[in-house]
Amino acid sequence: MIIKESDKREHDLAELNSLLMLPYISQDQRKQIEREIRNIQSGLKGEQEAAYQINFHYKNNANWAILHDLRFEFNGDAAQIDHLMINRFFEIYVCESKRFGEGIAINEYGEFSAFYQGKPYGIASPLEQNNRHKLLLKRLFKSDEIELPMRMGMKIVPSLHSLILVANSAIIQRPKNSENKRELERIIKNEQIAKRIDKDIFDNHPSTLIQQAASCFKLVSSKTITEFAKKLASLHKPLKVDWKARFGIVDPIEQPEVKTASIVQNHTKQEQHLFCASCKKSVTANVAKFCWQNKVKFHGKVYCFNCQKNIKQLCSVGFARE
């Protein structure tokens, strides 16, 4: 049963693309914005591929509650979890989606590398990232921020399991000898998720009577896991990013006089990049500066002297001379 779907990122992508249209951003800022757009699009594709496999196997299964794209804050820390899966044994799978189009490699020390055009580059360990998410969840469950189900006067504390989900097309290079072999087995392809979970359930719930009794003690109803998952979903706090601040973009009118003068000089050297939003003719830096300083009236656009006169609602504004 799906309790929460992924948040949409159209607003962020639209804002980032609008920043690319600003004529006064630097080349370095432009590259950073373009890289951020690619990262968001790649991340979304990875999450969608994993969500498809999870939903295919579990969306109609009353024994599971699924939350996609859960972000919560606790005691000043935050966790952004791509997928959270809760079953009736009160086992929670914390899943991290990674696309890694060209694959990943892990050495015997647990260090991760990804590839771009066949060349490796170091990346942070997704296992360690997921371990931090699990730790924050444990702290949350120990607090009074969320109510845990009770049995015989005792709280039923969920057990947490990591899964790192990578694209089906990715190559996973694992070390032949590693002390972290069992942990590295938690890195799987999206299509393997159902088999991996089935294996975990078989290994964690053997057939001896004592072990069966221990498992049954934690067994809860579908209603219980649904209500618990909804409580978790209620803690969701989407991340709101000030993209202009992230890339150090300041509108010319907001800058100190010295910085504004510097920007105008820069635009004077590159006047061929300044043009009227209406007739597309080139304009000087002074005309562009005038429009930016009156961005409310000009709706943030640049107009040449002649087109300024044709905008009726701006008839009372002193027009910039080229």
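A residue counts as buried when its relative accessible area is under 20%. Asp 69 has a value of 9%, so Asp 69 is buried. Keep that cut-off in mind for what follows. The structure is a predicted model.

## The whole protein

The protein has 322 residues, and 42% of them count as buried. Its secondary structure consists of eleven helices and twelve strands. Among contacts with a separation of 6 or more, 62% come from residues 24 or more positions apart.

Most residues other than glycine have a negative phi. Two residues here go the other way. Asp 69 has a phi near 60°, a positive value, and is not glycine. Asp 69 sits in strand S2, which covers residues 64-74. Asn 75 also has a positive phi, about 50°, without being a glycine. Asn 75 belongs to the loop between S2 and strand S3, residues 77-87.

Is Asn 75 buried or exposed? Asn 75 is exposed, because its relative accessible area is 67%. Asp 69, at 9%, counts as buried.

## Around Glu 96

Glu 96 is placed in strand S4, residues 91-98. With a relative accessible area of 4%, Glu 96 is buried. How far apart are the C-alpha atoms of Glu 96 and Asp 69? They are separated by 9.9 Å, while the two residues are 27 apart along the chain.

Asn 130 is found in helix H3, residues 126-142. Its relative accessible area is 0%, so Asn 130 is buried. Beyond four places in sequence, Asn 130 touches Val 94, Cys 95, Glu 96, Ser 162, Leu 163 and Ile 164.

## Arg 196 in helix H5

Leu 163 turns up again in the next group. Arg 196 touches Leu 163, Glu 185, Arg 186 and Ile 188, leaving aside residues up to four places away in sequence. Arg 196 lies in helix H5, residues 193-204. Is Arg 196 buried or exposed? Arg 196 counts as buried, because its relative accessibility is 12%. The side chain of Arg 196 also makes a polar contact of 2.8 Å with the side chain of Asp 200.

## Where H2 meets H5

Helix H2 covers residues 27-58, and its axis comes within 9 Å of the axis of H5. The two axes cross at roughly 55°. H2 and H5 are therefore oblique to each other.

Which residues form the contact? From H2 come Gln 53, Ile 54, His 57 and Tyr 58. From H5 come Ile 193, Ala 194 and Ile 197. These residues divide into five nonpolar, two polar and no charged.

Phe 56 is another residue of helix H2. Phe 56 counts as exposed, because its relative accessibility is 57%. The C-alpha atoms of Phe 56 and Ala 194 are separated by 9.7 Å, and the residues are 138 apart along the chain.

## Cysteines without a bond

How many disulfides does the protein have? The count comes to zero. A disulfide needs two cysteine sulfur atoms within 2.5 Å. The closest cysteine sulfur to that of Cys 276 is in Cys 307, at 3.7 Å, so the pair is too far apart for a bond. Cys 279 is in no disulfide either, and its nearest cysteine sulfur, in Cys 304, is 3.7 Å away.

Cys 276 is buried, with a relative accessible area of 0%. Cys 279 counts as partly exposed, at 31% relative accessibility.

## Burial in one view

| Residue | Relative accessibility | Class |
|---|---|---|
| Asp 69 | 9% | buried |
| Asn 75 | 67% | exposed |
| Glu 96 | 4% | buried |
| Asn 130 | 0% | buried |
| Arg 196 | 12% | buried |
| Phe 56 | 57% | exposed |
| Cys 276 | 0% | buried |
| Cys 279 | 31% | partly exposed |

Technical notes: Residues are numbered from 1 along each chain as its sequence is written. This is a predicted model: local features need pLDDT of at least 70, side-chain atom pairs count only at pLDDT 80 or more; totals for chains, interfaces and linings use all residues. Side-chain values use heavy atoms; hydrogens and water are left out. Helices (H or I, at least four residues) and strands (E, at least two) are DSSP runs, numbered from the N terminus. Buried means under 20% relative accessible area, exposed over 50%, partly exposed in between (1.4 Å probe, protein chains only). A polar contact is a pair of N or O atoms within 3.5 Å; within protein, one must be able to donate a hydrogen and the other to accept it, and residues adjacent in sequence count only if both atoms are side-chain atoms. Contact means heavy atoms within 4.5 Å. Axes are lines fitted to C-alpha atoms, for helices over the stretch in contact, and angles run from 0 to 180 degrees between N-to-C directions. Angles under 35 degrees count as roughly parallel, over 145 as roughly antiparallel, 65 to 115 as roughly perpendicular and the rest as oblique. Ala, Val, Leu, Ile, Met, Phe, Trp, Tyr, Cys and Pro count as nonpolar, Asp, Glu, Lys and Arg as charged, and the others, Gly among them, as polar.
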